[in-house]
Amino acid sequence: MAAHLSYGRVNLNVLREAVRRELREFLDKCAGSKAIVWDEYLTGPFGLIAQYSLLKEHEVEKMFTLKGSRLPAADVKNIIFFVRPRLELMDIIAENVLSEDKRGPARDFHILFVPRRSLLCEQRLKDLGVLGSFIHREEYSLDLIPFDGDLLSMESEGAFKECYLESDQTSLYHAAKGLMTLQALYGTIPQIFGKGECARQVANMMIRMKREFTGSQNSIFPVFDNLLLLDRNVDLLTPLATQLTYEGLIDEIYGIQNSYVKLPPEKFVPKKQGDGGKDLPTEAKKLQLNSAEELYAEIRDKNFNAVGSVLSKKAKVISAAFEERHNAKTVGEIKQFVSQLPHMQAARGSLANHTSIAELIKDVTTSEDFFDKLTVEQEFMSGIDTDKVNSYIEDCIAQKHPLIKVLRLVCLQSVCNSGLKQKVLDYYKKEILQTYGYEHILTLYNLEKAGLLKPQTGGRNNYPTIRKTLRLWMDDVNEQNPTDISYVYSGYAPLSVRLAQLLSRPGWRSIEEVLRILPGPHFEERQPLPTGLQKKRQPGENRVTLIFFLGGVTFAEIAALRFLSQLEDGGTEYVIATTKLMNGASWIESLMEKPF
């Protein structure tokens, strides 16, 4: 059992066990020794539900990454391909199978599509003459992966682009299927709220799927009270801003992948006297980040400016605990100290790691450029000088700063101004193309189509109304002991989380005007519960709301929702689900056209 998945009101180990069981059943169908050939993108998500030990128990002896030409030699009976349904991967699989057939002796081949089988892919395998080689061709519906006790992600990297640029609803279908799985395990969710076009479609798919399964009425007492479906394009602003929580900054600077981060190794070398800095490690330091680690759970959602004081307090507590050994006189006292030692050493190791990470982050956040960029972002978000060419952005382009950084700032300015004046937009486009190359014209087109970088229509800027009504900008933020969600961006309250907060109390009727300005419909659906399963809430018991971000969510938004869950009088605890955990850089990158 993964303890960090069961600390909340909803035990997400139940979901993890269900997907592990399905995996074990498939492996047992392929009797005998096995080698798994992995689509590289899947190894991270799979690592969160099944460690190598589970695979080993089911006779998996070798694992390879899916690559062209021949597979490495392996003396096994079965070769299983774990892949996403992508046509280009089918070509590689065919090459592997054909070269393996020449090698002999005969192997049994199997293919597991994640999360869906695809007729197109099977047709491609048939055209390449290898479809008949596969004994089992099945799908493994890994729709929602538990990352933490209150966090689920589909890790579908192309979801935003598919939905908003390509009108492809595949990821929405997977989101609806994932929600049906959750309802099968945790009971029907009585109320569904939503905002946005994709949210409407997911709700419709769920209602249709429910109708198809009418015979099998779910008799589980509902764990969730509400589901809130939110389109990413309802709030394009939040991911563009630089996150200022500890976890958010780790993600901004180093990128967190499937709850792991890779860091520069030199900060993590134990300081030994007289080694003169020889033999420094060259391999990145890889750390897992989740609430299983006590200290990380305490600091991850804090504003970075509040992290230092927590770390120094912890250091004092730990050194005091180690000093206790001098006071241990009797055998009993010594024994007790020794029994606590592993926990204390783990705490000391954890403190050392996070002190090193905090130092690495501080090197970035105290730089002049970070400060200048943040100042510009905060001016845009608070409504200062959003309608003219910004001199800092001009300087960034002139000095050829990373293109993603420039695009993020220009998009932020556009969103905070409900689009840019045509001449400002044309100027930015011309400068970007002349400096970074004309191949980026398609990227600019994508950003415009997604609503991130567009001309202002009708000369009207709705952002000030939205900012004022939803209190998106707060001047007096207490970063050390916050009283409002705006602490996660040192002044800006994520629009998406404000919508969730206002839905909980006093309800969306109070903000009808803003809801009409924001893109897409807003709606409410009720799902009838079988008699006897209606929930009677105990006095003082919080509601549990599942909030699903269609198109991605940032760690700063997750921190803001956790902050609301912990409020004494909040009345609601949140479980967060998303198509992808992302930040502004990975989001913009997913919308960039790769030059051929």
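Me: What volume does the largest cavity have, and what counts as a cavity?

Reply: On a 1 Å grid over the protein atoms alone, a cavity is a set of points where a 1.4 Å probe fits but cannot get out, whereas a pocket is an open set with protein on both sides within 12 Å along at least five of seven lines; lining residues have an atom within 4 Å of a point. Grid points are joined across faces, edges and corners, and the volume is the space filled by probe spheres set on the points. Here the largest cavity has a volume of about 90 Å³, and the structure holds 1 cavity of 30 Å³ or more. This is a predicted model, in which local features need pLDDT of at least 70 and side-chain atom pairs count only at pLDDT 80 or more, while totals for chains, interfaces and linings use all residues. Residues are numbered from 1 along each chain as its sequence is written, and side-chain values use heavy atoms, with hydrogens and water left out.

Me: Which elements each supply at least two residues of the lining of the largest cavity?

Reply: They are β6 and α22 (555-566), where helices (H or I, at least four residues) and strands (E, at least two) are DSSP runs numbered from the N terminus. Among the lining residues are Phe147, Asp148, Phe555, Arg562 and Leu581. By class, the lining has 6 nonpolar, 2 polar and 4 charged residues, with Ala, Val, Leu, Ile, Met, Phe, Trp, Tyr, Cys and Pro counted as nonpolar, Asp, Glu, Lys and Arg as charged, and the others, Gly among them, as polar.

Me: How many residues line the second largest pocket, and which lie nearest its centre?

Reply: The lining has 28 residues, of which Arg84, Arg86, Ser156, Glu157 and Glu162 lie nearest the centre. The elements giving two or more residues to this lining are α2, α6 and α7 (170-186). The volume of the pocket is about 680 Å³, and its lining comprises 9 nonpolar, 7 polar and 12 charged residues.

Me: Is glutamate 155 buried or exposed, and which side chain does its own side chain join in a polar contact?

Reply: A polar contact is a pair of N or O atoms within 3.5 Å; within protein, one must be able to donate a hydrogen and the other to accept it, and residues adjacent in sequence count only if both atoms are side-chain atoms. Glutamate 155, in the loop between β7 (151-153) and α6 (159-164), is buried, with a relative accessible area of 7%. A polar contact of 2.8 Å joins its side chain to that of lysine 580. Not counting residues up to four places away in sequence, glutamate 155 also touches residues including Tyr41, Pro45 and Phe147, where contact means heavy atoms within 4.5 Å.

Definitions and conventions:
Buried means under 20% relative accessible area, exposed over 50%, partly exposed in between (1.4 Å probe, protein chains only).
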